[in-house]
Amino acid sequence: MNAKKAKKLFKKYVNNECSSEELELLEGFLESFQNDGTSWSELSFDKELKEEVWSKINMRTNQRRPKKKYDKRFFFKYAAVIICIVGTVIIWETISKTEPALIIEDNPIVLKTGNNELKNIVLGGGETLRDSKGNIIASQHKNQMVYSGEPTSGKIVYNEILVPKGKTFQLILSDGSLVHLNSDSSLKYPVSFVQGEKRKVFLNGEAYFEVAKDAVHPFSVVSQGMDIEVLGTRFNVSCYSNTEAHTVLLEGSVAVSKQTSLGEVPDAHVIKPGQKATLDDDDAMIISEVNVDDYLGWRNGFLVFNNEAFENIVEKIERRYNVVVENDYKDLDSIEFRGTFENETIEDLLNTFKESAGFDYDIINNRIVIKKPE
């Protein structure tokens, strides 16, 4: 068992949540790291702290395992070992020290209707949208809004969904196409598509598309500096501001082109499944082979970094957790990391990076300030 697993077990231990098997596992792990030369004086802990730690450990152990007796020397030895292995005062942080808590705003998902009315969408709710005549045009099912309007020959009416940081949301457009929007993204789309015209939507941020096939009405995604033309396929588009816009194809084929001035004919690049089309800072289109899973983890709640620079990772963390990260340790910006996170709290994620990258951080309201270790 490594130190990370031991840390999780010890947190369960001080919270009185360990099973007897977990206690045996933790004790065996600590036995393997005992060092008779380790003393509290070397760890710079005063008597009051030692007595507090002993009191808590002794109390919890007697509750869990009343038939087995332990002396004070035994548990101080274990406590010292834990502190040395994990590299942080877990006992003190868990029992006596309260870290500043992040203040995270719960911003709503907002739907902007064709008449500029704003509606807050509650995840898991049951919102119903109606037109001016009272007809239902869309209804919410848990975390998905489903549009049911038939193709129209009249004037096109747009809705826009705005998803804040910290949340994701799904749409089923009136043609049956699925759109899964990532955090800090927005999509402008027709309530009903118009017969004889292209199906066109406008994206800011990131979204995954499963487009319903319709050879008569090609589907088009207009994003930041990039247009994507498709008949029926599955692909992911990312076009956050201040980042390189790109499209990753899972199935089918798409033609990707950079946006041009009115009257110019765009130079389209057709990509195949497993390829990525990137529009770089010089407006050049770059086609590369990629692992598509690295770009789709967010749909299943994963935060995936595949040899990404820390400055880009910071932006993903801000979107995922709806926080502000200020990096005052600029030497980290160009360092690349690889990893996958799922249900970790932001503190767990930061501590993982802290152990590998070597930085400190402070929490101030909803801000995380990363700084060079002293």
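Colleague: On what conventions do the values rest, and how many strands does the protein chain contain?
Modeller: The model is predicted, so local features need pLDDT of at least 70 and side-chain atom pairs count only at pLDDT 80 or more, while totals for chains, interfaces and linings use all residues. Residues are numbered from 1 along each chain as its sequence is written, and side-chain values use heavy atoms, with hydrogens and water left out. Helices (H or I, at least four residues) and strands (E, at least two) are DSSP runs numbered from the N terminus. On that basis the protein chain has eight helices, and its strands number 23.

Colleague: What percentage of the residues of the protein chain count as buried?
Modeller: Buried means under 20% relative accessible area, exposed over 50%, and partly exposed in between, with a 1.4 Å probe and protein chains only. The accessible surface comes to about 20,100 Å² by the Shrake-Rupley method with a 1.4 Å probe, and 46% of that surface belongs to carbon and sulfur atoms. Of the 374 residues, the buried share is 41%.

Colleague: Among contacts between residues at least 6 apart in sequence, what percentage join residues at least 24 apart?
Modeller: A contact here means heavy atoms within 4.5 Å. For the protein chain, the share of such contacts that join residues at least 24 apart is 52%.

Colleague: Is Gln275 buried or exposed?
Modeller: Gln275 lies in strand β17, residues 275-279. Leaving out residues up to four places away in sequence, Gln275 touches Thr247, Val248, Leu249, Val270, Ile287, Ser288, Glu289 and Val290. Because its relative accessibility is 13%, Gln275 counts as buried.

Colleague: What distance separates the C-alpha atoms of Pro164 and Arg320?
Modeller: Pro164 sits in the loop between β6 (158-163) and β7 (169-172) and is buried, its relative accessible area being 14%. Apart from neighbours within four places in sequence, Pro164 is in contact with Asn107, Pro108, Ile109, Ser183 and Asp184. Pro164 and Arg320 are 156 residues apart along the chain, and the separation of their C-alpha atoms is 9.7 Å.

Colleague: Which residue forms a salt bridge with Arg199, and how many residues apart in sequence are the parts that the pair ties together?
Modeller: A salt bridge is a side-chain nitrogen of Lys or Arg within 4 Å of a carboxyl oxygen of Asp or Glu, and the count by this rule is nine. The closest N and O atoms of Arg199 and Asp175 are 2.5 Å apart. Arg199 lies in strand β10 (residues 199-210) and Asp175 in the loop between β7 and β8 (178-181), so the pair ties together parts whose separation in sequence is 24 residues.

Colleague: Which residue in the turn between β4 and β5 has a positive phi?
Modeller: Two strands pair if DSSP finds at least two bridges between them. β4 (residues 136-141) is joined to antiparallel β3 (residues 128-130) by three bridges, and β4 also pairs with β5 (residues 144-147) in the antiparallel sense over four bridges. His141 stands opposite Gln144 in β5. The hairpin of β4 and β5 has two residues between the strands, and the residue with a positive phi of about 60° is Lys142.

Colleague: What distance separates the end C-alpha atoms of helix α7?
Modeller: The expected span of a helix is 1.5 Å times one less than its number of residues. Buried residues of α7 include Phe310, Ile313, Val314 and Ile317, and the buried residues of this helix pack against β19 (303-309), β20 (324-327), β21 (336-341), α8 (346-358) and β23 (367-371). Because α7 (residues 310-321) has twelve residues, it should span 16 Å, and the distance between its end C-alpha atoms agrees at 16 Å.
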